[in-house]
Amino acid sequence: MDRVVVLETTPSTMDAALEHAGGRSGLLVVALRQTQGRGSHGRGWHDGDACTLPCTFVIDAGSRPVPMPAPLLAACVACAVHDTLSRFVPAGVDLAIKWPN
């Protein structure tokens with residue numbers, strides 16, 4: 001990632017990513033609050049009471065072979081972020097992954 005956009009609030013990190021990407025990959029959009037997120041199959045994605053980290057990564061393998069299917073890549077990224085954050089949060093804080101619905 002060579003670009004990061006942090007938003008206080010946005011309807012959807014996916015929509016914000018499309019807006020900020022400018023057709024280029026290498027972008028991470030993070031929001032403190034997401035009001036109209038979308039999950040799988042057009043279902044609503046609720047970020048809870050400001051205790052989540054709504055984000056969207058924009059990546060593109062271009063002409064290179066894709067190393068794995070997108071859902072598996074998303075799961076690997078979620079696990080890596082969880083593993084990294086778990087080293088920094090205080091003991092007793094419940095850190096979990098919200099899988100797509």
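**Burial and overall layout**

Mentor: Of the 101 residues of the chain, 22% count as buried; buried means under 20% relative accessible area, exposed over 50%, and partly exposed in between (1.4 Å probe, protein chains only). This is a predicted model, in which local features need pLDDT of at least 70 and side-chain atom pairs count only at pLDDT 80 or more, while totals for chains, interfaces and linings use all residues. Residues are numbered from 1 along each chain as its sequence is written, and side-chain values use heavy atoms, with hydrogens and water left out.

Trainee: What is the mean pLDDT of the chain?

Mentor: pLDDT is the predictor's confidence in each residue, from 0 to 100. The chain has a mean of 84, and 88% of its residues reach 70 or more. Confidence is highest in strand S1 (residues 3-10), at a mean of 94, and lowest in strand S4 (residues 44-45), at 79.

Trainee: How many helices and strands does the chain have?

Mentor: Helices (H or I, at least four residues) and strands (E, at least two) are DSSP runs, numbered from the N terminus. Here there are two helices and five strands, arranged along the sequence as β-α-β-β-β-β-α.

Trainee: In which sense do S2 and S5 pair?

Mentor: Two strands pair if DSSP finds at least two bridges between them. Strand S2 (residues 27-34) pairs with S5 in the antiparallel sense, over four bridges. Within this pairing, Thr-56 of S5 is the bridge partner of Val-29.

Trainee: What volume does the largest pocket have?

Mentor: Rolling a probe the size of a water molecule over the atoms shows where empty space is left. On a 1 Å grid over the protein atoms alone, a pocket is an open set of points where a 1.4 Å probe fits, with protein on both sides within 12 Å along at least five of seven lines; lining residues have an atom within 4 Å of a point. The largest pocket has a volume of about 1600 Å³. Of its 42 lining residues, Trp-45, Leu-53, Cys-55, Thr-56 and Phe-57 are the closest to its centre.

Trainee: Which element gives the most to this lining?

Mentor: Helix H2 does, with 10 residues.

Trainee: How many salt bridges does the structure hold?

Mentor: Side chains of opposite charge can pair when their charged atoms come close. A salt bridge is a side-chain nitrogen of Lys or Arg within 4 Å of a carboxyl oxygen of Asp or Glu. The structure holds two. In one, Asp-15 pairs with Arg-38, the closest N and O atoms being 3.2 Å apart. This pair links distant parts of the chain, with Asp-15 in helix H1 and Arg-38 in strand S3 (residues 37-38), 23 residues apart. In the other, Asp-83 pairs with Arg-87, with the closest N and O atoms 3.0 Å apart. Asp-83 is partly exposed, at 39%, and Arg-87 is exposed, at 63% relative accessible area.

Methods. Points joined across faces, edges and corners; volume = space filled by probe spheres on them.
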